[in-house]
Amino acid sequence: MICTSCGAANRDEARFCDTCGARLDAPLRREQRKVVTVLFCDVAGSTALGERLDPEALRKVMAGYFDVAKAAIERHGGTLEKFIGDAVMAVFGVPRIREDDALRAVRAAQELRDGVEIEIRIGVNTGEVVTSIEDSLVTGDAVNVAARLEQAAGAGEVLIGAETYRLVRNAVRAAELPALEVKGKAEPLRAYRLESVVGDTPYARRLDAPLVGREVEQRLLADAWQRTCTERACSLFTILGAAGVGKSRLVSEFLAGLDATVVSGRCLSYGDGITYWPLVEIVMRLLDGADPPNPALAALLGEGQAPAGDIAFAVRKLFEAKAAERPLVVVFDDLHWAEPTLLDLVEECADWIRDAPILLLCLARGELLELRSSWGGGKLNATTVLLEPLTADETDELIGALLAGEAIAPELRARIRGAAEGNPLFVEQMLAMAHEQDGELVVPSTIQALLAARLDQLPAGERAALERGAVEGQVFHRGAVVALAPDDPDVPTRLLGLVRKELVRPSEGLFPGDDAFRFRHLLIRDAAYDALPKATRADLHQRFAAWLSEHGPDLVELDEILGFHLEQAAGYLAELDAPDPALSRAAAERLASAGRRALSRQDNPAAGSLLRRAAGLAAPQSDDRLRLLVLLGASLYRLGLLAEAESVLLGAADEARAAVNRGAELDAEVQLAEVRLHSAPDVTAGQADAREAVRDAIEWAESASDAERLARALDLLGRLHVWSGEMTAATETLERAAAVARESGDVATEVSSTAYLIGCWHIGPMPVPEALARIEGVLARTGLGRAARWRALTGRARLVAMQGRLEEADADLAEAEALAGDAHFVVLATHRADVELATGEHAAAERRLRRVHDLLLDASDYGHLASSDYKLADAVLGLGKVDEALELTGRLAEMAVPEDVDAQSGWRRVHAKALARKGDLEEAVRLARKACEIADATEYHEVCMDTADTLVEVLHLAGRHDEAATEYSRALELHEQKGDLHGAARLRQVFGPPAT
């Protein structure tokens, strides 16, 4: 019987594996995805060889070649898959992945190349394959590439692929070749010619950066060493930790400058005679070329035989003798790979060495305690420490030290910190990869190999539980794993085993009565998930969605979570050329529902992502897809991504026409018209085109009794009225839009219409007390959500500021900013700047409006830019920077479209004030009157007040006091009609009754 956990053969009657102890009746995982290394070897010039040699001689030569190949491959842990004529194929990573599979394959290739007398050629490549647990058969492009590399190699050459080289480059000498054009590959292959293997560590460690976050462990090591020297005693000090967590770095720092004899040996994970491999290194260093003093040590070095007990005694005496000359530190690295006999020897030394200052310093992963749970137990001279991951602050400190002053984007730093989760090796490797990839963060293959190897050593049941947890995410629930592994009654025990192995840890769950777990590293989760075949992933995602629907119906973001899992399942089935339209539709419905909610609360980044994914899953030209594309265009528009919004909406209109769907076509055209109002500063007929599109849509929606489309069209028409200064018509249209939207359940459109109604109330002629009463009504309503509330608070702030209640205005704006967040900075900053300009806080307004300017310019939103930049010019002018104000308003004269009343009157009134201060009084008066004329043709009461105030100011400066007195009376009347007490008081204070 074959063990599905370690691949070892067992007795037929065995229930547990004789090698690893795993259950032999555990459910089989039929297939899995793995990253393996494939070796292809072929005889160069085999035809000529056959012509030259007698068949018997040829048979003998080929038999010798196959024997050498088999021995080299198996010695280095590979699986000989097959002989094909005179070709050999081997796989490293089947049945079990090891973190150094690529290096093993390259070592085997070198040994094979150098161990035969005939000329051969070899190709080695690393990549993802699908393999069955019952046999060593692997399929995938990685196999094809290995074969192509072998075919491209010359006689006596070993060619290795780019991914293999990345995994072994620190341990080999290799020359990069020109890109190879090979049969069946669209892109040239990167390849390297192997010269030799020169090291044991496939990746380099950075030992030059300062040691971070290990102060406690350093003190413990220092104390153990001091006690060893002071008491002349032997101490056993073991450092446990995951690969890359910093064991070697800690020891390196400790050993630097130590007044002692230091020897070290590394345990190997495979090979012949590995029991004493690290001791051979250590003893040879201690003998320093001298002959072994006794037969036992000679046997250890390969001369004769000796019992294990004799060897242990001889090693102990050698340690004592050397320690008598000078304190001794013996380092055993990777002790988790040690054979039991070596572990016995180390413990015997710790127990029996006396009167000798010796520190036995052992480095191992947590697996050591699985092999020997009693390690160090009961010994007064033994210390064991576990290196935990670095904290977030310590990780940032390490990143800074590794960068050595080099700049890094904050987003990239945060992503590295989050992905590494405190593992220094992961930080090093990801920083190096980001540097190679010009800032793109890709998980290095070295890390993937480490994690995959660790997971591949798990018993089948624990591995299956981990994989099913990975389907849920970084945090997962016991109940979900049980549901996804219904044939395994021991899931709770499996999960506890994973906790003991430091792969997961208990976490806070979402469901009462159910345990939750968190992966120790997100990368561990990814490694477990990546091993699942895509067909299995699709099945597990669907089953998890069904489980979550039953157990989490009240989750706030249920649609988003279910949509994600159904989307994943649909995507994998599509990749496997087995699409499931019903599954795709279900995923799209969940994502669309979540996207609409995000849109209604004006969470446009989330809405854009959700709607884009939903549209991608919906059937082409379907009503659902066309509706989603229009909503996506709207969210992109609100994000300021105008070019992308236009592209999406043009595509939606084309699809709708192809589907002969007039309603959807009008939806796209209406939304497109709105986008173009703000993205094309040279379009003079923008408003007319938009009105035509929206009226067509209203007419169609009314005839079709389509309430949703009618509400959206009315909403945009109302906004067009607002932008033209037609506040009465805007109010009527927007009130109708809000009512229709409310009746049809379209919360997003109701919120939009309500937001613009609030603008009508404070910008238009409605008196302040009435406008405030209406806004209080909005604030008292429930169901409109956060978006309507922050809009209402902003409107109330503007109105109470007019009444002189500036502290209340500031409090309302602060609450609105907290509710809206950064996504609505432009709108809120402009409103706050309006209040600051009205109260004379020009410096604060300038800082705020400069940031608004930059954001709108980056988004190419020229429509809103024209309406905000004249306010920036006003702030600049208030600070005495007259020339800069003139420059800004001069640009606005070219930018603002004719229909934009706010911008057209705004730039003229600020330009007029600036010209008046420069002494160009006639032109200043002309522009100020023109600004009034433009504003007075509208119901923009707030703009009318501003332009009237400006005309009064310019006439005063021009010495035209009679005209100023007339305009003063008119301006004062406008402020009093609105109820703008603060503006009226400011006007009286600045100008007073004009002189007669």
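Predicted model: local features only at pLDDT ≥ 70, side-chain atom pairs only at ≥ 80, totals over all residues.
## Other charged pairs

Side chains of opposite charge can pair when their charged atoms come close. The count of salt bridges in the model comes to 92. One of them joins the side chains of D514 and R478, at 3.6 Å from N to O. This pair, too, links distant parts of the chain, 36 residues apart, with D514 in the loop between β15 (504-507) and β16 (516-519) and R478 in helix α18 (residues 478-484). D514 is buried, with a relative accessible area of 15%, whereas R478 is partly exposed, with a relative accessible area of 23%.

An α-helix has 3.6 residues a turn, so residues three or four places apart point the same way. R543 is partly exposed, with a relative accessible area of 29%, and D539 is also partly exposed, at 36%. Elsewhere, salt bridges link E922, R929, D936, R960, E963, E967 and R970 in a network.

## The nonpolar cores

The largest nonpolar core has 159 residues, and the members that touch the most others in it are F426 and L466. Helix α33 (residues 785-802) supplies the largest share of this core, namely ten residues. When neighbours within four places in sequence are left aside, F426 is in contact with A243, A420, I447, L450, L451, H521 and L523. Another core, of 40 residues, lies apart from the largest one, and its members include Y276, F319, L360 and C362.

Helix α33 has 18 residues, and the distance from its first C-alpha to its last is 27 Å, close to the 26 Å expected at 1.5 Å a residue. Because 14 of its 18 residues are buried, α33 is largely enclosed by the rest of the structure. Just after α33 comes G804, which takes a positive phi of about 85°.

Helix α30 (residues 727-744) also has 18 residues; at 1.5 Å a residue these should span 26 Å, and the 25 Å between its end C-alpha atoms agrees with that value. Its buried residues include M727, T731, L734, A738 and A741, and what covers the buried residues of α30 includes α29 (707-723) and α31 (747-763). After α30 comes G745, whose phi is positive, near 80°.

## Buried residues in other helices

A912 lies in helix α39 (residues 901-918) and counts as buried, at 0% relative accessibility. Not counting residues up to four places away in sequence, A912 touches A924, L927, A928 and V954. The C-alpha atoms of A912 and L886 are separated by 9.0 Å, although the two residues are 26 residues apart along the chain.

S867, in helix α37 (residues 862-878), counts as buried at 17% relative accessibility. Beyond its neighbours within four places in sequence, S867 is in contact with D900, D902 and A903. E567, in helix α22 (residues 558-575), is buried as well, with a relative accessible area of 15%. Leaving out residues up to four places away in sequence, E567 touches A587, L591, R613 and L617.

## Cysteines without disulfides

The structure holds zero disulfides. For C229, the nearest cysteine sulfur is that of C234, 12 Å away, and C229 is partly exposed, with a relative accessible area of 30%. For C234, the nearest cysteine sulfur is that of C349, at 6.9 Å; C234 is buried, with a relative accessible area of 3%.

How values were computed:
Residues numbered from 1 in each chain as written. Heavy atoms only, no water. Core = buried A, V, L, I, M, F, W, Y, C linked by side-chain atoms within 4.5 Å. Buried < 20%, exposed > 50% of the residue type's maximum accessible area, 1.4 Å probe, protein only. Helix = DSSP H or I, 4+ residues; strand = E, 2+ residues; numbered from the N terminus. Contact = heavy atoms within 4.5 Å. Expected span 1.5 Å × (residues − 1). Disulfide = S-S within 2.5 Å. Salt bridge = Lys/Arg side-chain N within 4 Å of Asp/Glu carboxyl O.
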